[in-house]
Amino acid sequence: MKNKTISIPLREITEENPYKMVFVCLGNICRSPTGEGIMQHLVNEQGLQNYFEIDSAGTSAWHSGQPANSKSSQVASSHGVALLSRARQVVSADLEYFDLVIAMDKINKSDLESIQPYHAKNNIVLMRDFDSNPEDGNVPDPYYGGLAGFENVFQIVKRSCENLLNQLKPQIKK
Ligand code: 4NP
C-alpha cells in the first residue's frame, strides 16, 4: 500500500537548526518512550542524529521521574531498541518549542489542544496519521495488558515512525 502524506510543519532541517519532535502519551512510560526510542534508533542508524532532537512526555504527572515500563523496555530491547527516557509531564511551552508534537491517541491530542497557547502553531498530530493501517487512529494503551499488547504497540509505532522520518528526510540540507 502507498503511504499517504499528511500535512505537517515542514522547514529546512540543518545541523544548526535540527527538527524537534516530542512524542506524547498519558503516562510517558509505555507508548511515548517507545516512540522516542524507535525514532532515535532510526535516526542514529541512518547517521542523522545531528539533524533531529527527539523527546517524549506525558499528559499526566503520575509517573514523573520514572524510567520506561519494564514490558515496554523488554519488547524494545528484543528489537535492538533502547528506551532511555525519564517520565515528565508535558507543559504548554513544549507546544511552542517543538516543531512537531505527536500524540499517541485522540484523548492525548485533545488534552494537548486544551493547554495549547493561543498563538501556537498548528503542530499537533496523531502517531497513526503516519500509519499505513491507522484503524481507529489510536495507539492502544498497553498498560493493563500482557506482553502481546506491548509488541503490538512497538510494531504500530515502528512503521509510523519510519513513514514520518521518510516524510522529513527530504527537508535535510547537509
Ligand atoms: P502510557 O501508558 O500512556 O502509554 O505511558 C500508561 C501508563 C500508566 C497509566 C496508564 C497508561 N496509568 O494509569 O498509570
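Helices here are DSSP runs of H or I with at least four residues, numbered from the N terminus. Keep that in mind for a moment.

First, the ground rules. This is a predicted model, where local features need pLDDT of at least 70, side-chain atom pairs count only at pLDDT 80 or more, and totals for chains, interfaces and linings use all residues. Residues are numbered from 1 along each chain as its sequence is written, and side-chain values use heavy atoms, with hydrogens and water left out.

A cavity is a set of points, on a 1 Å grid over the protein atoms alone, where a 1.4 Å probe fits but cannot get out. Grid points join across faces, edges and corners, and volume is the space filled by probe spheres set on the points. How many cavities of 30 Å³ or more are there? One. The largest cavity holds about 50 Å³.

What lines it? Lining residues have an atom within 4 Å of a point. Among them are Cys30, Thr34, Phe150 and Phe154. Helix 2 (70-78) and helix 5 (147-168) each give at least two lining residues.

On to the ligand. Its surrounding residues, with a heavy atom within 4 Å of it, include Cys25, Trp62, Asp141 and Tyr144. Polar contacts are pairs of N or O atoms within 3.5 Å. The side chain of His63 places an N or O atom 2.8 Å from a ligand oxygen. A backbone N or O atom of Cys30 is 3.0 Å from an oxygen of the ligand. Cys30 also belongs to the cavity lining.

Technical notes: On a 1 Å grid over the protein atoms alone, a cavity is a set of points where a 1.4 Å probe fits but cannot get out, and a pocket is an open set with protein on both sides within 12 Å along at least five of seven lines; lining residues have an atom within 4 Å of a point. A polar contact is a pair of N or O atoms within 3.5 Å; within protein, one must be able to donate a hydrogen and the other to accept it, and residues adjacent in sequence count only if both atoms are side-chain atoms.
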